[in-house]
Amino acid sequence: MARKHNTRVILENVEIIDVAAEGKAIARVENKVLFVPFVVPGDIVDVLVTRKNKNYLEGKVVKMVKLSELRAEPFCSHFGVCGGCKWQNLPYEKQLYFKNKQVIDQLQRIGKIDLGEIFPIISSEKTTNYRNKLEFTFSNKRWLYDGEEELPKPTDYWGAGFHIPGRFDKVLQVDKCYLQEEPSNAIRKEVYEICVKNEIPFFDLKLHTGYVRNLIIRNTLDGQVMIILCLFSENNVWQEIILSHIIEKFPNLTSIYIAINPKHNDSLDGITPVLYKGESHLIENLNGLKFKISPKSFFQTNSTQAGVLYNKVKEFAELTGNEVVYDLYSGTGTIGLYLAKNAKKIAGIEFIEDAVINARENALLNDITNAVFYAGDTKEVLNDEFIALNGKPDVIVIDPPRNGISKEVIETILKTKPKKIVYVSCNPATQARDVELLNIDYKVVKIQPIDMFPHTQHVENIALLVIR
Ligand code: SAH
């Protein structure tokens, strides 16, 4: 089956059998797992091996021998080059099937536990334009296609869009992105065009020169829009050219911010965006509650599905109004505030101080007086003193980042003995590991996978654990 070609190993007629965690698909070759991107189960392909490890291989397709019957035609012209939406080649129903399977496989294989009732995955109401935040990168060295090596004008090499996967210094010039409602594409294009016209330089990601770096666009379900224009340095002339043009073209933008970022990386850590025009924040209305969205505050990226997720958490928690509820990894307090009306008290813990400030503001905005939020690392803040101060929890809601919960937090939860744990996870592998550790005292009663990110491999899962 294997053929050597200039010392490169090509595996022929490999059948893709399943999907894997990071959006790649898998095959089995010589008793090893082979990871391959941009293919779907049922495809038969010739694969060039790009990496050999003791336990697995990685490769890329050099020839499509036979296309799978499962395939769908990707609807975006950037599919295959752009790093987003890697699953557009699978019909949405099949994406849901594989996400559901991944949650169950991971929990059963890693956690080796009985899952109780397994509800079928909830699909996303919107499968395009579902994101409420996108960040476009501007670069003076865009990704060039074959035949584009010698272009007439220097600005022909400029681009605005997304990083090419694995290439921090190359940016894909995006024509139309299907991830966010308009005017998202329109604003990006206008910024691009006014800069090109006036030769206002885009950032050079290697040399750290140029001016325009990023454009972050946030929006709400009812059409409020915030833009954050990230620039490498101060230049009032260029800034005015760009923003007066944007305001003329989009007079109804809710909020316009400028962020001067002189650092070598794009992150806004340590940088305070300055309000240029309009409101200081957006307000998202979700199932009767209002949430403030500031330039840097965290909010679940798919607002409609966030509403669905929070409702499920509420349903799983089955509160009567008398419970003390801890909201661990509380972000801007969304889950806790959702539950507050049906609980005696909510106590949230969140790492990022700004998010805690937002959570307190969100409590005020919604006249919620029985919710408190603490800043700090859960493993340090959740201690005996915290429990004495806030009361022993009846229910603990956990919504950690991808790496799951630390051992110390699991030990404290086991010691504290809440009746119920509602565990919201964006990574079924770490959820499985954590649930296995909780298994001595808690059994999983039901699980509910939810799709928040159509056309990607990401899946959210809620597990209800009840004390034995
Ligand atoms: N429940 C929220 C946010 C969940 S995202 C919502 O639905 O909107 C996970 C959050 O955990 C992030 O806000 C992140 O800042 C926070 N976080 C990560 N590690 C943490 C830790 N060790 N202690 C406390 N919070 C942490």
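# A walk through a predicted protein model

The protein has ten helices and 24 strands. Keep in mind as you look around that this is a predicted model.

Let's start with the whole chain. With 468 residues, a compact globule would have a radius of gyration near 23 Å, and the protein has 24 Å, so the two agree. The C-alpha atoms fill a box of roughly 70 × 65 × 35 Å along the principal axes. Buried residues account for 53% of the 468 residues. What share of the contacts between residues at least 6 apart in sequence joins residues at least 24 apart? That share is 64%.

Now find helix 2, which covers residues 184-198. Its 15 residues, at 1.5 Å each, should span 21 Å, and the end C-alpha atoms are 22 Å apart, which agrees. Most peptide bonds are trans, and most residues other than glycine have a negative phi.

Which residues of helix 2 are buried? They are Ser-184, Asn-185, Ile-187, Arg-188, Glu-190, Val-191, Tyr-192, Ile-194 and Cys-195. The buried residues of helix 2 pack against several elements, including strand 9 (133-139), strand 12 (212-219) and helix 3 (236-249). After helix 2 comes Glu-199, with a positive phi near 50°.

Helix 4 is followed by Glu-318, and the phi of Glu-318 is positive, near 40°.

Next, let's see how helices meet each other. Two packed helices are described by the angle between their axes and the distance between the axes. Helix 1 (residues 92-109) packs with helix 10 (residues 428-438) at an angle of about 30°, and their axes are 8 Å apart. The crossing is right-handed. On the helix 1 side, Val-103, Gln-106 and Leu-107 take part, and they meet Pro-428, Ala-429, Gln-431 and Ala-432 in helix 10. By class, the residues of this contact are five nonpolar, two polar and no charged.

Is Gln-106 buried or exposed? With a relative accessible area of 9%, Gln-106 is buried, because that value falls under the 20% cut-off. Beyond its neighbours within four places in sequence, Gln-106 is in contact with Ala-21, Gly-111, Pro-428, Ala-429 and Ala-432.

Helix 10 also meets helix 9 (residues 407-416): their axes come within 10 Å and cross at roughly 40°. This crossing is right-handed too. Ile-410, Ile-413 and Leu-414 of helix 9 make the contact with Asp-434, Leu-437 and Leu-438 of helix 10. Sorted by class, the contact of helix 9 with helix 10 has five nonpolar residues, no polar ones and one charged.

For a view of a strand residue, turn to Ile-349 in strand 19 (residues 345-350). Its relative accessibility is 0%, so Ile-349 counts as buried. Leu-328 is 21 residues away from Ile-349 in sequence, yet their C-alpha atoms are 5.1 Å apart in space. Leaving out residues up to four places away in sequence, Ile-349 touches residues including Leu-328, Tyr-329, Tyr-374, Val-381, Leu-382 and Phe-386.

We finish with two loop residues. Glu-30 lies in the loop between strand 4 (25-29) and strand 5 (32-36). Although Glu-30 is not a glycine, its phi is positive, about 45°. Glu-30 is exposed, with a relative accessible area of 63%. Phe-38 is found in the loop between strand 5 and strand 6 (44-52). Phe-38 has a positive phi of about 60° and is not a glycine either. At 27% relative accessibility, Phe-38 counts as partly exposed.

Notes: Residues numbered from 1 in each chain as written. Predicted model: local features only at pLDDT ≥ 70, side-chain atom pairs only at ≥ 80, totals over all residues. Heavy atoms only, no water. Helix = DSSP H or I, 4+ residues; strand = E, 2+ residues; numbered from the N terminus. Expected span 1.5 Å × (residues − 1). Buried < 20%, exposed > 50% of the residue type's maximum accessible area, 1.4 Å probe, protein only. Contact = heavy atoms within 4.5 Å. Axes fitted to C-alpha atoms, helices over the stretch in contact; angles between N-to-C directions. Left-handed = near helix turned anticlockwise from the far one by under 90°. Nonpolar A, V, L, I, M, F, W, Y, C, P; charged D, E, K, R; others polar. Rg over C-alpha atoms; globule rule 2.2 N^0.38 Å.
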